[in-house]
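Please keep the sequence and the structure in view while reading.

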Amino acid sequence: MGAWACPSSGSWVLGCRAGATTLEFLPAVWLFGTNDNFVGQQMKTDPMFQLDAHLTRDFNENFWAALDGVWYTGGQASVNGVTGEKLNNLGIGFTLGYQINDNLGLTAGYRSTLNDGDSGELRMDRFMVSLVVGWHSIVEGAKRLKKD
C-alpha cells in the first residue's frame, strides 16, 4: 500500500478512507522544578525527553487500534548533590479506541517497558481506560450541515 496525499498533522497517512493506517511520532519534553521537601531533602531533576510512536489502523469510522512505542531519556535526578542514573527506557504496547458519537470517545490500552532486566532500570506496566468528552463549534456546525 503506497502513501496517499491525505490531510494530516504530524503523521504519515497510508490511506484516505475507513481502513486508513497512520504512523505518528509525538515528541515531548518534561521539565521539573526543584523539590525542596523531598523527604526533608532537596531534589533536582534534569529535563526528560520522550518520543511516542503509534502505528494506527482504522477498522471503520468508529473503531481503531494502535501499536504504541515510547522512548524516555534524561530525567537524571540528584538529591542533596548525590546524582542518580539518567533514564534510557523503551516501552511497547497497544491501544483500542471506539468513537461512541461525535462528542464521546472511549480508549483502552496497555504499555510495558522492554529494557527492565536490570534492578536499577525503570519498570513500568500501564493500563489505561479513558472516556473523552469534547465539543467544538466546527463539529457542531458540521453536524448541522449533515442534516440539510
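Q: Where in the fold does Ser78 sit, and why is Ser78 called buried?
A: In this predicted model, Ser78 belongs to strand β7, which covers residues 77–79. Its relative accessibility is 18%, and since buried means under 20% relative accessible area, Ser78 counts as buried.

Q: What does Ser78 touch, leaving aside residues up to four places away in sequence?
A: With those residues set aside, Ser78 touches Gln42, Met43, Lys44 and Thr83; a contact here requires heavy atoms within 4.5 Å.

Q: Which strands form the open sheet that includes β7, and in what order do they stand?
A: The open sheet has four strands in the order β3-β4-β7-β8, with antiparallel pairing.

Q: Why are β3 and β8 said to stand at the edges?
A: Strands β3 (35–38) and β8 (82–83) each have a single partner strand, so one side of each is left without a neighbour in the sheet.

Q: How do you know that β3 and β4 count as a pair?
A: Two strands pair if DSSP finds at least two bridges between them, and two bridges join β3 to β4 (residues 41–45), the two strands running antiparallel. As for individual residues, the bridge partner of Asn35 in β4 is Met43, and Met43 is also among the residues that Ser78 touches.

Q: What makes β5 a partner of both β2 and β6?
A: The requirement is at least two bridges; ten bridges join β2 (residues 21–30) to β5 (residues 48–58), and eleven join β5 to β6 (residues 63–74). Both pairings are antiparallel.

Q: Why is Ile92 called partly exposed?
A: Ile92, which is found in strand β9, has a relative accessibility of 47%. Buried would mean under 20% and exposed over 50%, so at 47% Ile92 counts as partly exposed.

Q: Which residues does Ile92 touch, not counting residues up to four places away in sequence?
A: On that basis Ile92 touches Asp68, Gly69, Tyr110, Arg111, Ser112 and Leu114. Ile92 and Tyr110 are 18 residues apart along the chain, and their C-alpha atoms are separated by 8.4 Å.

Q: How many cavities of 30 Å³ or more does the structure hold, and what lines the largest cavity?
A: There is one cavity of 30 Å³ or more, and about 40 Å³ of space lies in the largest cavity. Its lining consists of Asp68, Phe94, Thr95, Gly109, Tyr110, Arg111, Arg126, Phe127 and Met128, with β9, β10 and β11 (125–133) each supplying at least two residues. By class, this lining has four nonpolar, two polar and three charged residues.

Q: What makes up the lining of the largest pocket, and which element gives the largest share?
A: The largest pocket, with a volume of about 150 Å³, is lined by Trp64, Tyr98, Gln99, Asp102, Asn103, Leu104, Gly105, Leu106, Thr107, Val132 and Gly134. Strands β9 (87–101) and β10 (104–113) each supply at least two of the lining residues, and the largest share, four residues, comes from β10. The lining has five nonpolar, five polar and one charged residues, where Gly counts as polar.

Q: How many helices and strands does the chain have, and what share of its residues is buried?
A: The chain has one helix and eleven strands, and buried residues make up 26% of its 148 residues.

How values were computed:
Residues are numbered from 1 along each chain as its sequence is written. This is a predicted model: local features need pLDDT of at least 70, side-chain atom pairs count only at pLDDT 80 or more; totals for chains, interfaces and linings use all residues. Side-chain values use heavy atoms; hydrogens and water are left out. On a 1 Å grid over the protein atoms alone, a cavity is a set of points where a 1.4 Å probe fits but cannot get out, and a pocket is an open set with protein on both sides within 12 Å along at least five of seven lines; lining residues have an atom within 4 Å of a point. Grid points are joined across faces, edges and corners, and a volume is the space filled by probe spheres set on the points. Buried means under 20% relative accessible area, exposed over 50%, partly exposed in between (1.4 Å probe, protein chains only).
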